[in-house]
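Let's walk through this structure together, one step at a time.

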Amino acid sequence: MRYYKKLPATLVTCVLMGAIGGAGAGDHDYGPYPAYYTEECGSCHVPYPPQRMTQAGWETQINGLKHHYGTDASVDAPASRTILSYLVNNAGWKDKLAPADPTARITMTRWFVKEHGTVAPKGKKFSDCSQCHTQAATGNYSESTLKTPVGWRHGQ
Ligand code: HEC
Ligand code: HEC
């Protein structure tokens, strides 16, 4: 403990938060994701951040993989258990992160609609996060990596 006492309090706080959250609070960096998650859930779209939906939402997603938005995204039972426990262990808990449609779209949760509005850029879908969050594939949604299409304004 003597070692810590010599460090400035703010630095200790940063180190501790880094250890707990993987990143400083408020910078919206949810990576790095485990490789199995990126492989199984990041080939058709970016792997979505587990923190941004509740456990109920992720259970709905994993239970429905056989009929996943018009495609079969099912994985074998062990993989499915591993992915579900990763998602659940990192899931959000606030009301605004709860699924708001039967298929549990992250883009229909209350926080998402509040931050993004309901009108995606022309010809695009909100589910394609990396069109604006340029580092979404690695879980980084911080403001410094955000680049919105010309002419699109969120909240419309
Ligand atoms: C074979 C391709 C494929 C794979 C693999 C896949 N998905 Fe999807 N996923 C889709 C498609 C297609 C959509 C619908 C996109 C749309 O309509 O905007 C989708 C949508 C979603 C959505 C809702 C996005 C929204 O609009 O909010 C979630 C959440 C999701 N997938 C989670 C997962 C998870 C978790 C896995 C891994 C177990 C996974 N997906 C694997 C094809 C895939
Ligand atoms: C068309 C552009 C666009 C797309 C697509 C998009 N976002 Fe965003 N996102 C934004 C903008 C703009 C903001 C900043 C809103 C603000 O705070 O002013 C934002 C903010 C965020 C934030 C920080 C919000 C907070 O709580 O402070 C997260 C996390 C996020 N987006 C996740 C996602 C995810 C996950 C997807 C895909 C499912 C996605 N976004 C798709 C434009 C986009």
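The six donor atoms around the iron atom of ligand 1 make angles of 85 to 179° with one another, and the site is octahedral. Opposite donors in such an arrangement must be over 155 degrees apart, with all other angles between 65 and 115. Please keep in mind that this is a predicted model.

Which residues coordinate the iron atom of ligand 1? They are His45 and His68, each through its NE2 atom, at 2.0 Å. This pair links distant parts of the chain, 23 residues apart. To find histidine 45, look in the loop between helix H3 (35-41) and helix H4 (55-63); histidine 68 sits in the loop between H4 and helix H5 (77-90).

Are these two histidines buried or exposed? Histidine 45 has a relative accessible area of 28%, so it is partly exposed. Histidine 68 has a relative accessibility of 13% and therefore counts as buried, the cut-off for buried being under 20%.

Now widen the view to what lies around ligand 1. Its shell holds 19 residues, and the closest are Cys41, Cys44, His45, His68 and Ser127. By class, nine residues of this shell are nonpolar, seven are polar and three are charged. Helices H3 and H4 each supply at least two of the shell residues, and H4 gives the largest share, with three.

Several N and O atoms of the protein approach ligand 1. In the side chain of histidine 45, an N or O atom is 2.8 Å from a nitrogen atom of the ligand. Threonine 107 also uses its side chain, with an N or O atom 2.8 Å from an oxygen atom of ligand 1. Isoleucine 106 takes part through its backbone, where an N or O atom lies 2.8 Å from an oxygen atom of ligand 1.

Let's move on to ligand 2. Here the iron atom is coordinated by the NE2 atoms of His116 and His133, at 2.0 Å. Why is the arrangement around this iron atom octahedral? Because the six donor atoms subtend angles of 86 to 179°. Histidine 116 belongs to helix H6 (residues 110-116) and histidine 133 to the segment after H6, so the pair ties together parts that are 17 residues apart in sequence. Both histidine 116 and histidine 133 are buried.

How many residues surround ligand 2? There are 23, and Glu115, His116, Cys129, Cys132 and His133 are the closest. Sorted by class, this shell contains 13 nonpolar, seven polar and three charged residues.

For histidine 133, an N or O atom of the side chain is 2.8 Å from a nitrogen atom of ligand 2.

One last stop lies further along the chain. Glutamate 143 is found in the segment after H6, and with a relative accessibility of 72% it counts as exposed. Ten residues along the chain separate glutamate 143 from histidine 133, and their C-alpha atoms are 8.4 Å apart.

Technical notes
Residues numbered from 1 in each chain as written. Chains lettered and ligands numbered in written order. Predicted model: local features only at pLDDT ≥ 70, side-chain atom pairs only at ≥ 80, totals over all residues. Heavy atoms only, no water. Donors = N, O, S within 2.8 Å, 3.2 Å for Na, K, Ca; no water. Tetrahedral: all angles 85-135°; square planar, octahedral: opposite > 155°, others 65-115°. Helix = DSSP H or I, 4+ residues; strand = E, 2+ residues; numbered from the N terminus. Buried < 20%, exposed > 50% of the residue type's maximum accessible area, 1.4 Å probe, protein only. Near = heavy atom within 4 Å. Polar contact = N/O pair within 3.5 Å; in protein donor to acceptor, adjacent residues only side chain to side chain. Nonpolar A, V, L, I, M, F, W, Y, C, P; charged D, E, K, R; others polar.
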